[in-house]
Structure formats: C-alpha cells, structure tokens
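Subject: Structure handover

Hello,

Here is the structure we talked about. Please load it before you read on.

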Amino acid sequence: MPVFLPLLDEQAEDLIEALARIGPVILPPSNIFNIPQNVQCFVTLENSPDLDVDLILSWLNKGVENIIVPLNLAKDVIAAGLPSNRLSLLLDVGNVSAVTDTVRNGVSGVFLKTPVIDMDLVSSVSKFFTNSSIYVFSGIQFPPTTSDIRELLAIKTIPVIPTSRLTLSHTTIDRVNIGDAFLAPLVSDRPDGLFPTVVTSETGHSLGLVYSSAESVRESIVTGKGVYQSRKHGLWRKGETSGATQEVIRISTDCDYDSLEFRVKQHGAGFCHLNRQSCFSEISGLPALESTLRSRLSSAPEGSYTRRLFDDPSLLQSKIMEEADELCRAANKTDIAFEAADLFYFAMTKCVQAGVGIKEIEESLDLKAKRITRRPGNAKPQWVNPPVAKATPLLQDETLKSDGAIRMRTADLAGITIAARAELLRRPVLKSDEMMLKVKPIIDDVRARGDVALLEFTAKFDRAKLTSTVVLPPFAPETMRIDPDVRAAIDQAYLNIRKFHEAQVDQETLVVETMPGVVCSRFARPIARVGLYVPGGTAILPSTALMLGIPAQVAGCKEIVLATPPRADGSISPEVMYVAHRVGASAILKAGGAQAVAAMAYGTKSVPKVDKIFGPGNQWVTAAKMLVQNDTDALVSIDMPAGPSEVLVIADHTANPSFVAADLLSQAEHGVDSQVILVAVDLTAEKLAEIERAVDVQAKALSRVDIVRESIPKSIIVKASSAEEAVAFSNDYAPEHLILHLENAPDCLASIDNAGSVFVGSFTPESCGDYASGTNHTLPTNGYARQFSGVNTQSFQKHITSQQITSDGLKGLGPIVATLADCEGLQAHANAVRIRLSSVQ
C-alpha cells in the first residue's frame, strides 16, 4: 500500500521520476503517453464527458493499474464487464448515499473528494465501502501535514496530494517535500532512529540488509541512487568508491511502517563487499543463469559452443525448437522439469544476446497478467497437427503397425569439401556446461549433508525410500538368487574377462641404469580405493559390473565400492549382486546419478571415499564425474569422459548384409542419441539396398523399434572408394566401437590409430565384446578414442618411479644437475648436489 497517491495537475519531469520510485501516480487520459514507461499510473475520468469502453480496455491492456470513474459513469463501466479490481469510484463526500450496491460491489477503490479532512467522516465512509481501498482528496489549498498523513493511514485510508502541492525542495506551508510525505508514517524501534532496510535486485532477490535514515531516504528518492546510513560513518552513497553503484527502482515500506525495501539495479561486482551479488548467498536459478550467460557473451572463446550459439542465429533457433519439442514430449515430472530447464537455457541465451534480461521478461509477464481482453488462444497454422484418422485394428504384429521404411542418410566422400567432411565427423553437442550447473547443487548438498542428502535424493530420483544406502559383505544369499543359465553365463564371462585382464597386469619392475651409478626404476601399485558406477534402476546390467569389477580385483585394489541405482522396492538386481560378490566388492552403494558420484568422491559417514571413479552413465553422471575430478578438495580422478554410445562399421563387397544390419541395430537400440555410421567401401547400389532392407526388416522385429525409429534416421551411410579411405575416415572419427566387415580384415588392424575397441571379421559381433569375449566394454566415446584407452587393468594401477645414485654416480651426474639448476636460478637445487659432491672429494 502506498503512503500517498500523487495527482498529476502540473508537469514536472524531475518530480514525476522521483514519485515513480515510491508508488503510482494519478493522471488524466491526456497524460498517459507523456510519462516514462516505468511509472505505475491510475487514470481519472473526472473530466471525461463521454464513455469509451474500448479505449478504457486498451489502457488497461497496456498496463494502466486502475481506472477512476465518476459516479455518473460508474454503472455503465461496471455493466461493460470491466473487472472490479481495476476500477475505483470517484465520489464527492456528499453523494455517498447515492451509491447503489451494484456500484459498491463493482469497484475495489474509492477516491473520496472532501472539502476538509474530517477523520470521523472519512472513517464512516471507509466502513460503508468495507472491501475497498479509500483514497482521500481534500479540496483545501494547503497540502496535508505529515500528521494528517499519519492519521489517515492509521484508519486504513490513503491521502491524495496534487503534484502542485509537492516539491523536491524543503517542505513549506504551500508544498510538502515528497520525502517528508513518504516518511510521515515511519517509526523506528531502534535507539538510533534508523530503519532496517532490505535491498533486493530488480527481480526481488535479496542482496543485503542495511540501515536508512530520513536524510538518506530523501536523497535516494530525489537522486534515484542507492543511499543508506552507515552506523559509523554517516551517509553511505553505495558504490561511490567501489564503483558498485545502484539505480533505485522502487522504495517501499513494510506493513508496520518500521522498515523499508529498496529494489535496485545493481552495477559492478555486486552488492556484497566480498564482490558477490548478495551478502546472503550466491544467486541461483534464473538470475544465476542470466549472470553466467552475460559473462559468456563477453568472454566465450571463438569456436566454443556458447560463442556459436551467440553468433549463429540459425543454430540457436534450432536448439530452441528442439528443446521445445522435447518439453512437449516429456511425460513425467522429472523429465518435464529437465526439458523445461533446457528450454529456459536456450531462451535466455537468445534474450541475453539481444540485451534482454529477466527484469524485462517479468515486466512483460506482469503486463500480460494485466490484460483484460484475451486472444482466442488458437495455435498458428504451422504448429497445428492435422487430425489423425482412427485406424481400423488389423490382425498383424505390433511392430508392423508403422510401416514407414527405417532408413539411414547417405553421404559420399568423393569430391567432398573439407567443411562437409568435418560436418560428417561432428557428434551432437554435449551440453556439459548446462549439466555442470544442474549437478553442482546436488554434489554440494551431498558433500554438506552426507547420508541425509543421499537418502533424500535416492527417494526423489530413484523413487526408493531407504533407511540406509550401503550394503556390506557378506551379501545375503537370497539377494543373489538368479536363473542357473544366467549364473553359468556370468561365470564363463567372468573367466574370460579375468583371463584377458590378468594378462595385462604390470608386475615387472622396470630397471634402467641411465649412467654408471645412476639406476632408475618404475613399478606399479594398485589404486587403493575405487568406485564403480553401474547404471541400473529398471535395467539389469551385470555386464558393466563385470567389466569394472574384474580389472579392479585383478589389479589388487583394497576397496571396491560398487554404486548402482536401486529399484523402486529398494533392492538391487540379483545378477548385479552376484557379480559384486564374485569381484569382491567391499561395499555396494544403493544410489545413482550425481548423488552417487558425490558420495564416492567425498565420502559420507556410511559411504567410503574413493580415489578414482569408473563407469558409464547418463549425462548427469558424466557431468558429476567431470566436476568432482576438477575439485582439488575431492582428490579423485575418473576413467574418462563419456557420451552416447556409438559404432562405425566398415563393409566391402564380401560383407553379409544381414550381419551388417544387425551390427548397426545393436548400437542403435541403446538410445535415440546413439551414433551409428556405416562406411561402405565401393559398394554397388544393389548391395547398399540389401543392407538397408535388412536394417528395416530387423528393426521392425525389435521390441525397441520406437528407439530405433529415432536413432537410425540420424545415422549415416558414408560411401568410400577404398578400404584405405574408409580407415582414414574412421581414424578421424575415432569411434567407440569399430567393426570390420572386410575381405582382409586382420590386415587392416595395423592402420587403425583411433578406436575404443575393434571387432575384426564378419563373425565378431560387437555384442561379444560387450559381454564375454574378454575385452572391456567401458570405452571412450565422442571422439575421445584419440587420447583415451578403454578401461583395462592398468586403469586401476598407478606407476611410481624411483632412482638410486651411488657416490660415484653423483660425481658424474652432479655437475650436470648443478649447471642446469644454476641456469634456472634455483640455487638451493644446485646446493643440494654440491654439498654432497664436496663431502666425497
């Protein structure tokens, strides 16, 4: 509620700007378009002889707060259907008895014109209009005194003061200073007479708590700058020395008139003396996103994803439309929130690029909320889905109901430009920056609150309500009951994988005498504590537990913590439990996602801290792994970054089309973002058509055909003229899985430079490596095969070097070392050698 309402009866630009900082202004229709946009206004129709409802509607739609109508027009305005909360009645005090119930109930405010301020009369009128705000306008030539203002506010009425009776200068008998009028009801409960003042941002987020005096408030109202009262140093003009100045948007009192709120536009590093936006906490949510994007707009390096979004309107438009579509497809609360956040990110990117912030968005939303007339609400023609005719049920296999051919796209390396080739090699952009922002609060919470936070996140994300997240060995036999055939398959896979990984153990100590008397050595030691992330929940993935657990066991890791999301009933799949038993897991963490990664990285009361985290996962897991490995407090490393699963198949004329199709589909069924490429070596059109027909037929027979329908159309057939050209393309792509359907497939291995794992020959499906051949299926994706190996036994080992030098050896090596130390200006280094040399001479 404002302290008073100014009535514009004379133009004074400086006065209006100051008044806009403390509340609405009443003005005639002729002045609506002559005042700044940020001024909240009430429009009075006192001297308007004609009623134009459409014109009134247009004012309200454009943001006018309230229309003040005289009694003779009130009935017609109310009958036109205008909302009562936007209407007030202009009423002479002598005409109160002429007000009908229809009029009284059709307005939310009454502007009472009275010759003099009679408190008893005003109070009785206020009681008649029980549910309306009462504004009192006195016809006397002098403005109300500060005492009058206090008395009117005490009976829940608001004085109206003409601008001809207001001033920015000192109060006189003819004019009252607007600061004095605003301060009239304020009462401090402090001995020093200061008013506690909450400072908030443009969007209403708290920045800090300060104190104001009457003098500082008057100056802020007039200048529009943040001015407060230091309890030690007097007036404090915010940012005068630091540059972190403020523009005052609005000054408000609280309901008891003993404290203030300053809503400001903060400049510089922030409000807090620690160069933070707020004294209370770091900003979060949309304001944090806006701040991050504004920073990136000025600092994002050329070629980075963010810079491309800012500089390429078509890319940004595509991402906004893509995320809007994904939001429309999302079905549950978690997915809807996730996709909405993605859409907000790209929408805010466009806004920031155009200089639009949350404040402008909220102003537009407020304006929309004030609209009286509404659009029909129909979608534009291009977004309307045509009605789908109801199909007559057919007696056919479910997978054949959609009979559109499932086909890949095609490209040809012959004559291709460098830019077009680079485009073929590109993966979909991973939203690592966005995901970092999303997982950081989860990680911080688990780090701060430990098991309590872990249990809460497990209930929220995994829908499992647990009392404890950790299971320690020995594991109960009933938790490991599995089908005998599955047990036998796991046992054989275990033997194969263990045999291959045992052969990789680095057991020999490397010893080299580099000079006489100078012996250098290198030896391996197991990483003591490792965390293995096994995706789970509704899925059963004992294969991943085998692939991570066996090399950890073979390497001799002392602690093996296996983390996997629990099922809704709080249990872990018995197949994974059985594998955990076989690989000697020291603890099972029943948690998934970023919260599991955080628990293993930092440790909790029940979850052991680990030194290295392994395993695949969704983008939440990947972002969490990347974040904790960069935190020096965590002191944890990870196996590798991860992205969507991928396969590249090279096939020539000897390839079996059905085999090739099966290999492509085995990867495509992983998810809609799976990356599938077929490099066709000089294949005829007929051979390619056979492969495509096989893909279509096999896909429609799969239970996951809906996933394949989305992943395969994004996949590519790349035509190459020779095996050499195909291998060169593959090396540039650096696939996770590379399958060679070639006439002399083994001969090509020597030319393979970049791949996670290679499957040689037509009888080597990728599935064998995924489960039981012996190699590891945790492999680098997204092109990281250029610099990362797949998980292996040495991933669970570290190497330590040592050196031993005899006195004779130091005589030969010492002068070399001292010379180099002197060259670098490191005197103590040189002295450590010379002091020894002097002792043996």
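My notes on the model follow, grouped by topic.

This is a predicted model, in which local features need pLDDT of at least 70, side-chain atom pairs count only at pLDDT 80 or more, and totals for chains, interfaces and linings use all residues. Residues are numbered from 1 along each chain as its sequence is written, and side-chain values use heavy atoms, with hydrogens and water left out.

**Aromatic rings**

A pair of aromatic rings is described by the distance of the centres and the angle of the planes. Rings of Phe, Tyr and Trp (its six-membered ring) pair if their centres lie within 6.5 Å; planes under 30 degrees apart count as stacked, over 60 as edge-to-face and the rest as tilted. The search of the whole structure gives 13 aromatic pairs. One of them is F111 with Y135, which is stacked, at 4.3 Å centre to centre and 15° between the planes. This pair links distant parts of the chain: F111 belongs to strand β6 (residues 109-114) and Y135 to strand β7 (residues 133-138), 24 residues apart. Helices (H or I, at least four residues) and strands (E, at least two) are DSSP runs, numbered from the N terminus. Both F111 and Y135 are buried. Buried means under 20% relative accessible area, exposed over 50%, and partly exposed in between (1.4 Å probe, protein chains only).

Why does the pair Y784 and F788 count as edge-to-face? The ring centres of Y784 and F788 are 5.7 Å apart and the planes stand at 80°, so the pair is edge-to-face. Y784 is partly exposed, at 27% relative accessible area. F788 is partly exposed too, at 30%.

There is also an aromatic cluster, formed by Y228, W236, F262 and F271.

Two arginines sit over rings. R427 lies over the face of Y733, 3.6 Å from the ring centre. R582 lies over the face of Y494, at 4.0 Å from the ring centre. The cut-offs: NZ of Lys or CZ of Arg within 6 Å of the ring centre and within 35 degrees of the ring normal.

**Helices α17 and α19**

Helix α17 (residues 484-502) packs on helix α19 (residues 574-582) at an angle of about 35°, with the axes 11 Å apart. Axes are lines fitted to C-alpha atoms, for helices over the stretch in contact, and angles run from 0 to 180 degrees between N-to-C directions. The crossing of α17 and α19 is right-handed. A crossing is left-handed if the near helix is turned anticlockwise from the far one by less than a right angle, and right-handed if clockwise.

On the α17 side, V486, R487, I490, D491 and Y494 meet E575, Y578, V579 and R582 of α19. These residues divide into five nonpolar, no polar and four charged. Ala, Val, Leu, Ile, Met, Phe, Trp, Tyr, Cys and Pro count as nonpolar, Asp, Glu, Lys and Arg as charged, and the others, Gly among them, as polar.

Seven of the nine residues of α19 are buried, so α19 is largely enclosed by the rest of the structure. The buried residues of α19 pack against α17, α18 (542-555), β22 (559-564) and β23 (587-590). Contact means heavy atoms within 4.5 Å. After α19 comes G584, with a positive phi near 75°.

**Backbone points**

A cis peptide bond joins P473 and P474, with omega about 0°. P474 is in the loop between β18 (470-471) and α17.

Two residues have positive phi without being glycine. L635 has a phi of about 50°, and lies in the loop between α21 (619-629) and β25 (637-638). L635 is exposed, at 66% relative accessibility. A734 has a phi of about 55°, and lies in the loop between α25 (723-733) and β29 (737-741). A734 is buried, at 0%.

**Two sites across the chain**

G769 lies in helix α27 (residues 766-771) and is buried, at 3% relative accessibility. G769 and I497 are 272 residues apart in sequence and 9.7 Å apart, C-alpha to C-alpha. Not counting residues up to four places away in sequence, G769 touches M547, F759, T775 and H777.

E202 is in the loop between β11 (195-200) and β12 (206-212). E202 is partly exposed, at 25%.

Best wishes
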